[in-house]
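Here is a short walk through one protein chain. Keep the sequence and the 3D view side by side as you read.

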Amino acid sequence: MTPAVIQLAAEAAERHSAEVTDWGPRIAWVIGLLVFIAFVYWLMRQGWKWRGTLQSDLPELPAAPSGLPAHRLALTGRYHGSTTAGQWLDRIVAHGLGVRSRVELTLTDAGLDVVRPGATDFFVPAAQLRGARLDKGIAGKVLTEGGLLVVTWAHGDKLIDSGFRSDRAAEHAAWVEALNLMNPTITTEGAER
């Protein structure tokens with residue numbers, strides 16, 4: 001290489017050297033983005049609280065009576081939430097019904113006992129059970145067809161769908177049959193959507 005070529009290469013390298021990062025504007029953008037994300041989360045929380053306020057007419061959830069009869073069925077799994085019956089996107093958040101959690105379900109002749117570690121437990125008396133079906137989704141959770149056990153029950157003047165998923169999904173069919181047999185006004189036709 002000749003000295004002229006070396007000099008031209010050095011001049012070219014100087015012209016294309018990396019620019020020095022200007023940290024001030026970059027930090028300002030990062031802080032702005034973090035503030036925006038915090039604002040969006042705050043708005044989501046306010047919406048959740050507002051939905052709870054709108055649903056404040058829902059009565060308190062009943063607790064399980066002492067001395068329940070022997071259980072017919074039991075399962076462990078996940079509670080995915082409750083919605084207004086027939087409206088799978090209208091989540092109910094009042095009284096902790098919107099909180100997802102682990103669940104232990106027990107079906108007795110007296111009703112359905114829902115035990116949720118870390119969330120509010122509740123009991124659905126047998127007279128309030130309206131039926132069950134296999135479905136694919138409930139507000140915030142979509143699974144494969146038939147992957148969700150949806151129990152319909154009456155609470156106050158409202159019909160509620162509650163979604164459960166067993167740790168062993170093969171149990172769902174037995175639950176649908178048992179819950180629908182508890183209410184003689186239900187036919188199994190149309191129990192599954």
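A residue counts as buried when its relative accessible area is under 20%, as exposed when it is over 50%, and as partly exposed in between. This model is predicted.

Start with Met182, which lies in helix H3. Its relative accessible area is 17%, so Met182 is buried. What does Met182 touch, beyond its neighbours within four places in sequence? Its contacts are Arg72, Leu107, Thr108, Asp109, Ala126 and Leu129. Take Ala126: 56 residues separate it from Met182 in sequence, yet their C-alpha atoms are 7.2 Å apart.

Now turn to the largest nonpolar core. It has 27 residues, and Leu112 and Leu129 have the most contacts inside it. Several elements give two or more residues to this core, among them strand E1 (71–84), strand E4 (111–115), strand E6 (129–135) and helix H3 (172–182). H3 gives the largest share, five residues. In general, nonpolar side chains tend to be buried together in soluble globular proteins.

Look at Leu112 next. Neighbours within four places aside, Leu112 is in contact with Leu105, Thr106, Leu107, Phe122, Phe123, Val124, Leu129, Val151 and Trp175.

Move on to His95, in the loop between strand E2 (91–92) and strand E3 (101–108). Most residues other than glycine have a negative phi. His95 is not a glycine, but its phi is positive, about 60 degrees. Its relative accessibility is 24%, so His95 is partly exposed.

Note on methods:
Residues are numbered from 1 along each chain as its sequence is written. This is a predicted model: local features need pLDDT of at least 70, side-chain atom pairs count only at pLDDT 80 or more; totals for chains, interfaces and linings use all residues. Side-chain values use heavy atoms; hydrogens and water are left out. Helices (H or I, at least four residues) and strands (E, at least two) are DSSP runs, numbered from the N terminus. Buried means under 20% relative accessible area, exposed over 50%, partly exposed in between (1.4 Å probe, protein chains only). A nonpolar core is a set of buried Ala, Val, Leu, Ile, Met, Phe, Trp, Tyr and Cys residues joined through side-chain atoms within 4.5 Å. Contact means heavy atoms within 4.5 Å.
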